[in-house]
Amino acid sequence: MRSLIAVSVVILVIIAGWLFAYNYIDAHATDLIQALEQMTKDIESENWDTASDEYLKTREQWLEIRDRWAVIIHHHEIDNIDLAMARTRKYIEEKDKPLSLGEIEVLKQLFHIVRESETVTLTNLL
């Protein structure tokens, strides 16, 4: 009976931890995607200074959560986001509209992938 209670408590702790981690990642990924969408609008309007400012804010936000995400998600995903962020910065600096917009779409997709990989689905369990 004691072992059943112990196992139940461990399972509840694991589920609670997963819920906390998922909500944390989901909230931050959503914020980052919204910032990237604003950056897209700025670039489409060729407001390069505003886009650059928005990039700096987004980069700062990413750097704040990056280390916490490293505990939860696979490091390969974090590396991909870092690389895409670096390319985005350079494309915005060079005022290259097509490449900037393309790389922002890559970043959005990477954040969607991270969110999806943390949800409980049959695919993720198998």
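Q: How many aromatic pairs does the count come to here?

A: A pair of aromatic rings is described by the distance of the centres and the angle of the planes. Rings of Phe, Tyr and Trp (its six-membered ring) pair if their centres lie within 6.5 Å, and planes under 30 degrees apart are stacked, over 60 edge-to-face, the rest tilted. By this rule the count is five aromatic pairs. Take Trp18 and Tyr22: the ring centres are 5.7 Å apart and the planes sit at 15 degrees, so this pair is stacked. Keep in mind that this is a predicted model, where local features need pLDDT of at least 70, side-chain atom pairs count only at pLDDT 80 or more, and totals for chains, interfaces and linings use all residues. Residues are numbered from 1 along each chain as its sequence is written, and side-chain values use heavy atoms, with hydrogens and water left out.

Q: Where do Trp18 and Tyr22 sit in helix α1?

A: Helices are DSSP runs (H or I, at least four residues), numbered from the N terminus. In α1 (residues 2-44), Trp18 and Tyr22 are four residues apart, which means about one helical turn between them.

Q: Which kind of pair do Trp62 and Phe111 make?

A: Their planes are at 70 degrees and their centres 5.8 Å apart, so call this one edge-to-face. Trp62 belongs to helix α2 (residues 48-72) and Phe111 to helix α4 (residues 97-118), so the pair ties together parts 49 residues apart in sequence. Ring pairs also link Trp62, Trp69 and Phe111 into a cluster.

Q: Are Trp62 and Phe111 buried or exposed?

A: Relative accessible area decides: buried is under 20%, exposed over 50%, partly exposed in between (1.4 Å probe, protein chains only). Trp62 and Phe111 are both buried, whereas Trp18 is partly exposed at 29%.

Q: How do the axes of α2 and α3 cross?

A: Axes are lines fitted to C-alpha atoms, for helices over the stretch in contact, and angles run from 0 to 180 degrees between N-to-C directions. Here the axes of α2 and helix α3 (residues 75-93) come within 11 Å and cross at roughly 165 degrees. The two are therefore roughly antiparallel (over 145 degrees; under 35 is roughly parallel, 65 to 115 roughly perpendicular, the rest oblique).

Q: Which residues is Lys97 in contact with, leaving aside its neighbours within four places in sequence?

A: Contact means heavy atoms within 4.5 Å. On that basis, Lys97 touches Ile43, Glu44, Glu46 and Trp48. Lys97 lies in α4 and is partly exposed, with 27% relative accessibility.
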